[in-house]
Every structure is written in structure tokens, then in C-alpha cells.
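User: Hi! I'm new to reading protein structures, could you walk me through this one?
Analyst: Happy to. Here it is.
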Amino acid sequence: MSRKPIIAGNWKMNKTAAEAREFIEAVKNQVPANELVDSVVGAPNLFVEGMTKGTKDSELKVAAQNCYFEDEGAYTGETSPKALGALGVDYVIIGHSERRDYFHETDEEVNKKAHAIFRNDMLPIICCGESLETYEAGKAEEFVGGQIKAALKDLSADQVASLVLAYEPIWAIGTGKSATKDDAQKMCAHIRSVVAGEFSQDVADKVRIQYGGSVKPENIAEYMACPDVDGALVGGASLKVDSFLALLEAVK
């Protein structure tokens, strides 16, 4: 089945608001048409209001990097999914390994956030991935499959078909070490089989699965050639205008 590619940049905790505006102005009229590829920038939540305004008449979509799972309340320092939705945010990245590792985010919290994101008319990009220790122990598929099952708990089939899953082996994030295309294809195919088992083959055929982990313009084509890889979640290579546009050009 043909699935539209999705390339999402994850800026992590980089750039200032002024630098974000400069980036948006430089790329917003150069991204490919949406019918070819979904072009997404995941910015620090501080910047998303300005970015949604700046991309209003563009094909470029905006992702927040996280949200809380309640719409409002006494949660000092958290970001409301209701507020993000009202700003016109398209996607929210959740379950990233850095959130799980540094901030002790659990599978249950990721699932709650997914429900909150849908409740506020946005789409989640749900990250999953194993450590080097788990990979070397031969338990990667079991581990990642468990993350997927937990993240998708009690979502509807239509919701799962519309969301994005991002496989990022932790040992390949920011290390310069990439999983081979065969590694990426094997795990993305496994993730698709888990979705089929939990929902249906039709849902599994529709859900888009990204690979992430030291993806750059020089190697993205080999990942995109894999039948179960539908795009990339990109860190460092998404911070510069030229490399971000090169990524989009490679997959359109």
C-alpha cells in the first residue's frame, strides 16, 4: 500500500525564537507539496505559536515536542494539549527516548498523552526504541513491541491508522552510529505486524512508521527504499535550512 512519506525535524532544545522565525521564513515556501510528502518541524514548545502563525499559508506543518495528558489544571510547568490545539499545532512528539530516560516518562503516560492529543484534534508522533543493551541481548523486538502495545491501548482503529510511529534505536540517536537499512526495515516491519495483531492488517497498512537515528541527506534514501519505512524523525540534520530541504527533496 502506498503511504505518503513524512519527514519530521526534531529540534530538541535548540534555537531561539528569532532563529526559529528565520528558519521558517527560509523554508516555508520551498517545501514540497503536501500530496508528495508531509514536511514537519518539531520545535520547542516556546516557539510554536509564532511558528503556526508563520506557516499559516505554507505546506509546512508544526509539531510540539511534548505535552501533558490533562487539558488544564494545577500542573505547574506543563504544556496543555488544549492550548497547543488552539494554536493550530498539527503534531505532538511523545515518548521520545530522552523523555523516557531523563524525565522518567512511562508507557502509561505516553498512552494518556496520545489520547489527549487526539482529543484536541492533533496527531501524535509516538516514539519507540531500544537501548544498546537490549539490542545486543536479542530482545529488541519484544521490548519495542511492548512499547507499541502500551502506547496504543484503547485508541480506536481510525486513530491508530492516522498517527505516526517513530522507531529510534537509542544507540543510534546523536551518536553518529546508524542502524543499517536492514535493521530499520526489520524493526519497522515488526512494528507493523504488532499493529496488525492489535488492530487489523488494514490499520497496519495505513499507519506510517518513521526511522530516526543519525539520519541525514546522505543516507536517507537507503532508509526510504525500505518497504516499511515511511519517513524519518530527524534531529541534528533538521536544524539547518539546507539539510532540512535536502531531506525533503530526497523523498518527495
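Analyst: One definition before we start: a residue counts as exposed when its relative accessible area is over 50%, and as buried when that area is under 20%. Also keep in mind that this is a predicted model.

User: Okay, so is histidine 104 buried or exposed?
Analyst: Histidine 104 has a relative accessible area of 62%, so it is exposed. You'll find histidine 104 in the loop between α4 (97-102) and α5.

User: What is the phi of histidine 104 near?
Analyst: It is near 60 degrees, a positive value in a residue other than glycine. For background, most residues other than glycine have a negative phi.

User: Which lysine also has a positive phi?
Analyst: Lysine 12, with phi near 55 degrees. Lysine 12 sits in the loop between β1 and α1, and it counts as partly exposed because its relative accessibility is 23%.

User: Let's zoom out. How many helices and strands are in the chain?
Analyst: The chain has twelve helices and eight strands. Its radius of gyration is 17 Å, close to the 18 Å that the globule rule gives for 252 residues, so the chain is as compact as a globular protein of that length.

User: What does the C-alpha trace span along its principal axes?
Analyst: About 45 × 45 × 35 Å. Of the 252 residues, 53% count as buried.

User: And what share of the contacts join residues at least 24 apart?
Analyst: Among contacts between residues at least 6 apart in sequence, that share is 71%.

User: Switching to rings. How many aromatic pairs are there?
Analyst: The count is eight aromatic pairs. One of them joins tryptophan 11 and phenylalanine 23 edge-to-face, at 4.9 Å centre to centre and with 85 degrees between the planes.

User: Where do those two sit in the chain, tryptophan 11 and phenylalanine 23?
Analyst: Tryptophan 11 is in the loop between β1 (6-10) and α1 (17-27), while phenylalanine 23 is in helix α1, so their pair ties together parts that are twelve residues apart in sequence. Tryptophan 11 and phenylalanine 23 are both buried.

User: Why is the pair of tyrosine 167 and tyrosine 211 called tilted?
Analyst: The planes of tyrosine 167 and tyrosine 211 are at 50 degrees, with the ring centres 6.2 Å apart, so the pair counts as tilted. It links distant parts of the chain, since tyrosine 167 is in strand β6 (residues 164-167) and tyrosine 211 is in strand β7 (residues 208-211), 44 residues apart. Both tyrosine 167 and tyrosine 211 are buried.

User: Which residues do ring pairs link into a cluster?
Analyst: Trp11, Phe23 and Phe244. There is also a charge at the ring of tryptophan 11: the charged end of lysine 15 sits over that ring, 5.1 Å from its centre. In another spot, lysine 112 lies over the face of phenylalanine 69, at 4.8 Å from the ring centre.

User: Speaking of charges, how many salt bridges does the structure hold?
Analyst: It holds 17 salt bridges. One of them is between lysine 53 and glutamate 49, whose closest N and O atoms are 3.5 Å apart. Both residues lie in helix α2 (residues 48-54), four residues apart, which is about one turn of the helix.

User: Which salt bridge links distant parts of the chain?
Analyst: Aspartate 71 with arginine 119 is one, with the closest N and O atoms 3.0 Å apart. Aspartate 71 is in the loop between β3 (61-64) and α3 (81-86), and arginine 119 is in helix α5 (residues 107-119), 48 residues apart.

User: Which residues are linked in a network of salt bridges?
Analyst: Arg3, Arg192, Asp228 and Asp230.

User: Last one: which buried glutamate has no salt bridge?
Analyst: Glutamate 168 is buried yet has no salt bridge, and lysine 12, the nearest side chain of opposite charge, is 6.1 Å away. Glutamate 168 lies in the loop between β6 and α9 (181-198). Leaving aside neighbours within four places in sequence, its contacts include His96, Cys127 and Leu233.

Methods. Residues are numbered from 1 along each chain as its sequence is written. This is a predicted model: local features need pLDDT of at least 70, side-chain atom pairs count only at pLDDT 80 or more; totals for chains, interfaces and linings use all residues. Side-chain values use heavy atoms; hydrogens and water are left out. Rings of Phe, Tyr and Trp (its six-membered ring) pair if their centres lie within 6.5 Å; planes under 30 degrees apart count as stacked, over 60 as edge-to-face and the rest as tilted. Buried means under 20% relative accessible area, exposed over 50%, partly exposed in between (1.4 Å probe, protein chains only). A charge sits over a ring if NZ of Lys or CZ of Arg is within 6 Å of the ring centre and within 35 degrees of the ring normal. A salt bridge is a side-chain nitrogen of Lys or Arg within 4 Å of a carboxyl oxygen of Asp or Glu. Lys and Arg count as positive and Asp and Glu as negative; His and the chain ends are not counted. Contact means heavy atoms within 4.5 Å. The radius of gyration is taken over C-alpha atoms; the globule rule is 2.2 Å times the number of residues to the power 0.38.
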